[in-house]
Amino acid sequence: MRRGQLTGQMQSWYQDLLEGRLTHCDHSLDAVFHLTADRSNPLVALKLSTQNREPIGDRAIMKTLLLVLSMVAAAREATAQEDAQCVRERAAMVETIRAYGRSDASVLGQQGLSERVLEAMGQTKRHLFIPEPERSCSIAYADRPIPIGLGQTISQPFIVALMTQLAEVAPDHVVLEVGTGSGYQAAILAHLARKVCTIEIIPQLAEAAAKTLRDLAYDNVSVRLGDGYGGWPECGPFDAIVVTAALGQPPPPLIEQLKVGGRLVMPVGPGYTTQQLTVVEKIAPDKTTTRAVALVRFVPFTRSQN
Ligand code: SAH
């Protein structure tokens with residue numbers, strides 16, 4: 001679930017529910033219906049329709065409902081303000097990566113990035129995944145990596161989009177990400193898949209990402225703290241796996257947890273220098289194909305001491 005949608009949905013579900021109760025349920029809520037229908041004189045409307053009720057009880061109901069209505073209105077206002085942030089910069093970023101995707105047909109073919117992936121990039125608020133000091137719209141939506149602390153970075157938007165596209169994520173897919181970092185790539189995947197499981201080895205980053213994703217109501221993402229080398233068998237098997245840290249070889253447990261027909265996308269090579277962005281496809285239980293797609297530069301995949 002995506003935040004904008006979800007927040008909107010929660011509000012409208014809430015209102016649907018409220019109205020459903022008002023219009024379809026028993027007479028005890030008729031007063032509320034009149035209250036909302038006749039805002040010019042709610043007390044009169046309330047009294048007219050509830051003559052055989054205790055006045056104190058009516059007032060309490062009315063107060064509660066007014067409170068609920070004002071809370072809904074305030075939440076709507078806050079969401080609208082937040083939704084309006086960085087809209088222009090985000091749209092410009094999508095156009096930049098769209099053009100970039102088409103500029104080299106050897107990477108993505110003539111079509112470049114798919115509309116589905118571009119849509120997810122356009123819906124995900126990257127500025128909310130980066131640390132406060134960098135949170136300006138122009139920095140957040142430039143097509144560049146950004147430091148997120150503890151020596152790690154949030155990847156360049158084009159690379160996030162490219163890896164997502166190479167993973168070929170469909171709406172019913174279960175996806176594993178190794179290297180949660182800020183949670184941004186996980187959020188993009190969450191727009192496209194049914195379930196996303198993501199593992200981060202640095203506790204502070206795992207905690208911060210889990211909080212960001214929770215605050216933004218990404219309720220189809222689970223974050224786990226640990227070394228992602230061994231994957232997350234209880235969460236799989238996976239239709240796609242995206243690894244966002246560089247390692248000399250794809251970890252065998254990840255290939256093991258990939259479904260037949262699934263893809264693992266990761267930078268293969270030593271950390272900090274250039275690596276080959278590689279797609280491993282599992283074509284049979286014991287058979288894979290591997291292709292190198294582009295040169296990239298990722299932080300190293302680290303191993304836990306245990
Ligand atoms: N995908 C992230 C960026 C990842 S940076 C985002 O969208 O923000 C790479 C991340 O991989 C870092 O946070 C690093 O701590 C993490 N990492 C490195 N080795 C790991 C391992 N063995 N298991 C899990 N995470 C790892």
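Buried here means 20 or more other C-beta atoms within 10 Å of a residue's own, while exposed means 12 or fewer and partly exposed is in between, with C-beta atoms placed from the backbone. This is a predicted model, where local features need pLDDT of at least 70, side-chain atom pairs count only at pLDDT 80 or more, and totals for chains, interfaces and linings use all residues. Residues are numbered from 1 along each chain as its sequence is written.

**Overall picture**

- The protein has 12 helices and nine strands; these are DSSP runs numbered from the N terminus, helices being H or I with at least four residues and strands being E with at least two.
- Of its 306 residues, 37% count as buried.
- Residues 24 or more positions apart make up 56% of the contacts with a separation of 6 or more; a contact means that two C-beta atoms, placed from the backbone, lie within 7 Å.

**Confidence**

- The mean pLDDT of the protein is 82, and 78% of its residues reach 70 or more; pLDDT is the predictor's confidence in each residue, from 0 to 100.
- Over residues 1–53, pLDDT stays under 50, and the model has 47 contacts beyond four places in sequence for them.
- Where pLDDT is low, the predicted coordinates should not be read in detail.

**Helices and core**

- The buried residues of H10 are Tyr184, Gln185, Ala186, Ala187, Ile188, Leu189, Ala190, His191 and Leu192.
- In helix H7 (residues 115–123), the buried residues are Val117, Ala120 and Met121. Looking down the H7 axis, they fall within an arc of 100°, so they line one face of the helix; the arc is that of the directions from the helix axis to the C-beta atoms.
- An α-helix has 3.6 residues a turn, so residues three or four places apart point the same way.
- The cover over the buried residues of H7 includes helix H5 (87–103), helix H9 (157–167) and helix H10 (184–192).
- Isoleucine 159 sits in helix H9 and is buried, with 20 other C-beta atoms within 10 Å. Its C-alpha is 9.3 Å from that of arginine 144, 15 residues apart in sequence.
- The largest nonpolar core has 68 residues, and those with the most contacts inside it are Val175, Leu189, Leu213, Ile241 and Val242. A nonpolar core is a set of buried Ala, Val, Leu, Ile, Met, Phe, Trp, Tyr and Cys residues joined through C-beta atoms within 7 Å.
- Isoleucine 241 touches Leu176, Leu254, Leu258 and Leu264, leaving out residues up to four places away in sequence.

**Around the ligand**

- The ligand is surrounded by 24 residues, the closest being Gly179, Gly181, Ser182, Gln185 and Gly228; a residue is near a molecule if its C-beta atom, placed from the backbone, lies within 6 Å of it.
- Strand E2 (152–154), H10 and strand E4 (195–200) each supply at least two residues of this shell, and E2 gives the largest share, three residues.
- The shell divides into 11 nonpolar, 10 polar and three charged residues. Ala, Val, Leu, Ile, Met, Phe, Trp, Tyr, Cys and Pro count as nonpolar, Asp, Glu, Lys and Arg as charged, and the others, Gly among them, as polar.

- Glycine 236 lies in the loop between strand E5 (221–225) and strand E6 (238–243), and its peptide bond to proline 237 is cis, with omega near 0°.
- Glycine 236 counts as partly exposed, with 19 C-beta neighbours inside 10 Å. Residues up to four places away aside, glycine 236 touches Val174, Leu176, Gly231 and Gln257; the C-alpha atoms of glycine 236 and glutamine 257 are separated by 6.3 Å.
- Leucine 150, in the loop between strand E1 (146–149) and E2, has a positive phi of about 55° although it is not a glycine. Leucine 150 is exposed, with 11 other C-beta atoms within 10 Å.
- Tyrosine 272 also has a positive phi, near 70°, and lies in the loop between strand E7 (258–268) and strand E8 (275–284). Tyrosine 272 counts as exposed, with 11 C-beta neighbours inside 10 Å.
- Glycine 271 is found in the loop between E7 and E8 and is partly exposed, with 16 other C-beta atoms within 10 Å. Beyond four places in sequence, glycine 271 is in contact with Ala246, Phe298, Val299, Pro300 and Phe301.
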